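Biologist: Could you show me the model, and then take me through it by question and answer?

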Amino acid sequence: MRKLLFQNLLRLPLTVAAPPPSATALAELAAKVDQSARRRLGRSLAIREVDAGSCNGCELEIHALNNPFYDLERFGFHFVASPRHADVLLVTGPVTANMREGLERTYRATPDPKWVVAVGDCGRDGGVFAGSYACVGGVSAVIPVDLHISGCPPNPMQLLEGLLALLQVA
Amino acid sequence: MSVGAKLSEVLAAGQPVADHHPWPRTLATAEIWQELLQGLAGGAWTLLGLWGEPSMVHLALIDADGVLGVASLPCPDGRFPSVGRRHPPAQRLERSIADLLGLQAIDAPDVRPWLDHGRWPVTHPLGTASGSPRALAPYTFLPTEGESLHQIPVGPVHAGIIEPGHFRFTANGEAVVRLEERLGYVHKGIETLLSGLSIEQAARLVGRVSGDSTVAYALAFARAVEAATVTVIPERAHWLRALMAELERLANHCGDIGAICNDAAFALMLAHCSLLRERVLRVSATCFGHRLLMDGIVPGGVKLDLAPEAIPAVRELISEFRRRFPPLVDLYDNTASLQNRTVSTGFVRPTLIKQFGCGGVIGRAGGRAFDARRQPGYPPYDQLEFVPPLLTDSDVNARIWVRIHEVEQSLALIEQILQGLPTGAVNVEIQRSGEICEGMALVEGFRGDVMVWLRLNADGTVARCHPRDPSWFQWPLLEAAIENNIVADFPLCNKSFNCSYSGHDL
C-alpha cells in the first residue's frame, strides 16, 4: 500500500481542467437564483442526490464526478447523506408515481435556500418513459426545478458544466 | 413425475406453439403444470422467469443439461395454481403478476402487493387496466417476535448515490435478525410502454431497463427479435457485440470492487478502481460513441462499426489494466484489516443459491457454475476460450474474488476478440415475415443472466415483451445473506450483491 501511495505522490494528477460553465445553464439560472441565496451559500455547496426512478445510468455518471479525473470536490461541491445537510438536490429519473412522495418529502426536508437540478432527459420530461401510467414525467411536475442538465445520461463533463454554472450565478 | 424425467419430455406432452424460437413453447394442461412445479420443487430444473398476459401465465425453465423451454397455462377464470407455493423463488414474480394483470395464484403463500403501491392511476395496467388507483391497505411487514428486538426502517431514499428501495431491519442489538425488502419504487411501467412500439423504439427502451446493463439488455432484446424473425446477422456483429459486453463487464466489475472496499472504509481501492473504470468508459466512447455503450447494439447487428482509432485504444486499455490491476489485487489480498471485514461476511448457503437459480457473480461465488455465455451459449463465445471462475465460500470475499477473476478473464476475452474479429458488414435488415412470431434470449450481463421474451405482431411491432433481470433471484438471497451479520455490515453485503432496483421494478 505504501508503494502505491508513494507513486501517487510522484505522478502528475489525472484531473482534467475545469470546463467553462454551460452558457445555457447560466441563462436558465440567471432568471431564477436569488442574489441573497448566492451570498449565503457561497462557493461550497452540499449536494443530495435523489433517484426518482432513473434506470441508474445517470447515477453511474454522477458517481464518476467523484473519480480522480473530474474531482468534483475541488470546486467546493460535495455529496451529503441527508437532505437536512443539503443546498442542492440533484434529481434523476422520470419521477415514478411510487417515488413521488419520497421526492416531495426529501424536498421539504431540505432547508432553504435550496436549488434543484434535474439530471438527464428523464428528469426533464420523462424521456423514454414519458406517457407511462407509472411516471409523473419530469422533476418539475413535482417540485420547482432551477436547472436542467440533459443527456441520456449526461456525461461527467456536461454535469460539471451545469453544476459550475450554479457557482457562477451572482 | 418419474425420476429422471427430462424437461423436454414433460413439455413435449403439451401442444407446441408454432413460431416460437429458438426454444419450444408449450401450451400446458393442468397436469403438465403440476409436473413442472414438482420438478421445480425437487430441483430437477431451474426457474428462469414467470410472467403473464391477460389470460395466460408463462413459465420459463432450464434443466441441468442447459435445455430451455416455456410452458404457458391458459387461465380463463383469472386464476392459476401457485408456483410460489411449491417453489419460493416464484413468489415475488407471482405478486407482480397479480399487481400488473390481476391474475391470482391459487393458494399463494404471500398475496401482499409488490410493485403496486396504490399510487398508479390505474389498476392492473397490463391486464384490463381499469381507470382508478387500487385501494390498498397499508403494507404489512412480516412479523418478528422475541425479546429486545427493534426495527430500523431504511429508505426508499438512501444515503448514497444509489437507487431507491426500502429495507426493514429487525435487529437484536447489533445483529440483524431479519431483513425484509420492499421494492417497486422505481416501477416505470416498461412492459406496458413496450406494447405497440416499433422494434427500433423498443430496443431503445429495453436498453434502459437497467442502465448499468444496457449492453446486456440490448443484446438480449436483439437476439430475441432475431430469433423470432429468423434473421441471421453478420459474423462481425456477433464479435463486436461481445466486445461491448466485455467492456461493460470490465467497467462494472471495476466499479464494484472499488465500491465494496470503500464500504469497508478502504477508500484507496475505490480511487484506483474508479480510475480504471473511467478508462474503460472513455475507450467505450472512442470505440462506439457512448460511454455506457447505450444503443450500440440494435436488432440486426450493431449500429456502427468500430471507429478507426478504436483498436489501438482497446489495446492500450488492456496494457494499462495489466500494469495497474495486479498491484490492486495484491493490495486487496494483503490488507488484513480489509479482509477482516469481507471474509465470512454475508454468507449465503449454496443450497439457497441453487434453489433460487441465482446467477452472476453471486452464483459463481457460491458454487453455481451457471454462465449463459457457456450454457445455453451464443456466438462468438463458442469460439472463444474461457472457463467462468467458480468459488464456493459464498461470502463477500468470494464475490470480490470472482469479480477479480472475471476482470482478468474479460481482458483475455477482449484480446481474443481483437485477434479473431472477422471483417464484413455489421448489420442487416430484420426479416419481416408478416406473421405473428415469438422469440426469446438469455445472455450473460455483468450481474447475471438477463432474459428477454417477446411476441411480434404481423406488422412487426411489439405485441408483448418481458425483460427479466437477474436481480429477481438475487434480491431475496440478500435477506438471507445479512441474517446474523451486524447492521454495519449491511452496506458491504448489499454492495457485494449490487442488485438492480430499476431492472427488478421494471
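What follows is a short exchange about this structure.

Modeller: This is a predicted model, in which local features need pLDDT of at least 70 and side-chain atom pairs count only at pLDDT 80 or more, while totals for chains, interfaces and linings use all residues. Residues are numbered from 1 along each chain as its sequence is written, and chains are lettered from A and ligands numbered from 1 in the order in which they are written.

Biologist: Which strands stand at the edges of the open sheet in chain B?

Modeller: Four strands of chain B form this sheet with mixed pairing, in the order 2-14-15-16, where two strands pair if DSSP finds at least two bridges between them. Two of the strands have a single partner strand each, so one side of each is left without a neighbour in the sheet, and these are strand 2 (20-21) and strand 16 (462-468) of chain B.

Biologist: In which sense do strand 14 and strand 15 of chain B pair, parallel or antiparallel?

Modeller: Residues 437-444 form strand 14 and residues 449-456 form strand 15 of chain B. B:Val443 has B:Val450 as its bridge partner, and over eight bridges the sense of the pairing is antiparallel.
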